[in-house]
Amino acid sequence: MTVLRSSTNFGFYSTMPDTDKAELTVIHNRILDRLLETAESGNCRMIVLDELTYPVKWGLLDTEKLRRLLKSGKEGVSGEIEIVVTGRDAAEFLKESADYITEMECVRHPYEKGVAAREGIEF
């Protein structure tokens with residue numbers, strides 16, 4: 001298993017300065033390029049794009065490259081690649097390309113009691 005992610009913690013989008021948003025966009029697109037190379041080579045069976053709906057919504061990645069990745073999953077070199085996307089409020093093109101859509105509802109969360117996000121649990 002390979003995990004591709006930024007090693008920089010930028011915090012929450014709403015508090016990021018524009019310079020961090022620009023840097024994060026570059027990082028997201030580099031990761032997307034690596035994912036495209038991997039998918040097109042046929043060297044993987046599954047790609048998990050955790051919390052992807054947010055960078056799409058905020059314009060922090062190249063959606064044309066993402067569309068290529070989603071298409072390559074359907075037309076993988078050695079058969080289909082399972083692509084899992086998580087996050088709320090998915091863009092319409094993500095919904096249209098999905099085989100499954102699950103919506104989860106928060107009933108209770110420790111944040112409501114003042115517990116900050118914990119590494120390994122919420123992120």
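How many aromatic pairs does a search of the whole structure find? The search finds two. The model examined here is predicted.

**Aromatic groups**

Lys21 lies over the face of Tyr13, 4.2 Å from the ring centre. Lys21 is itself listed among the buried residues of helix 1. Elsewhere, the charged end of Arg67 is placed over the ring of Phe93, at 4.0 Å from the centre of that ring.

**Helix 1**

Helix 1 is made of 24 residues, and the distance from its first C-alpha to its last is 35 Å, close to the 34 Å expected at 1.5 Å a residue. Its buried residues are Lys21, Leu24, Ile27, Asn29, Ile31, Leu32, Leu35, Leu36 and Ala39. These buried residues pack against strand 1 and helix 3. After the helix comes Gly42, with a positive phi near 80°.

**Helix 3**

Helix 3 covers residues 63–74. Twelve residues at 1.5 Å a residue should span 16 Å, and the end C-alpha atoms of helix 3 are 17 Å apart, which agrees. At the start of this helix, a side-chain oxygen of Asp62 comes to within 2.9 Å of the backbone nitrogen of Glu64.

Which residues of helix 3 are buried? They are Leu66, Leu69, Leu70, Ser72 and Gly73. Viewed down the axis of helix 3, these residues fall within an arc of 160°, so they line one face of the helix. An α-helix has 3.6 residues a turn, so residues three or four places apart point the same way. Glu64 and Lys71, on the other side of helix 3, are exposed. The cover over the buried residues includes helix 1 (18–41), strand 1 (46–49), helix 2 (53–57), strand 2 (82–85) and helix 4 (92–97).

Ser72 is one of the buried residues of helix 3, with a relative accessible area of 10%. Its side chain reaches the backbone oxygen of Leu69 at 2.8 Å. Leaving out residues up to four places away in sequence, Ser72 touches Ala39, Glu40 and Ile81. Ala39 is also among the buried residues of helix 1.

**Strand 1 and Ile47**

Ile47 is part of strand 1. Is Ile47 buried or exposed? At 6% relative accessibility, Ile47 counts as buried. Apart from neighbours within four places in sequence, the contacts of Ile47 are Leu35, Ala39, Leu69, Ile81, Glu82, Ile83 and Val84. The C-alpha atoms of Ile47 and Ile83 are separated by 4.8 Å, although the two residues are 36 residues apart along the chain.

Most residues other than glycine have a negative phi, and most peptide bonds are trans. Glu51 is a residue other than glycine with a positive phi, near 60°. Its place is the loop between strand 1 and helix 2. Asp89, likewise not a glycine, has a positive phi of about 55° and is found in the loop between strand 2 and helix 4. The table sets out the accessibility of these two residues.

| Residue | Relative accessibility | Class |
|---|---|---|
| Glu51 | 37% | partly exposed |
| Asp89 | 60% | exposed |

**Summary of the packing**

Helix 1 and strand 1 are both included in the cover over the buried residues of helix 3, and the buried residues of helix 1 pack in turn against strand 1 and helix 3. Ile47 of strand 1 is in contact with residues including Leu35, Leu69 and Ile83.

Technical notes:
Residues numbered from 1 in each chain as written. Predicted model: local features only at pLDDT ≥ 70, side-chain atom pairs only at ≥ 80, totals over all residues. Heavy atoms only, no water. Helix = DSSP H or I, 4+ residues; strand = E, 2+ residues; numbered from the N terminus. Expected span 1.5 Å × (residues − 1). Buried < 20%, exposed > 50% of the residue type's maximum accessible area, 1.4 Å probe, protein only. Arc of directions from axis to C-beta. Contact = heavy atoms within 4.5 Å. Polar contact = N/O pair within 3.5 Å; in protein donor to acceptor, adjacent residues only side chain to side chain. Phe/Tyr/Trp six-rings, centres within 6.5 Å; stacked < 30°, edge-to-face > 60°. Lys NZ or Arg CZ within 6 Å of the ring centre and 35° of its normal.
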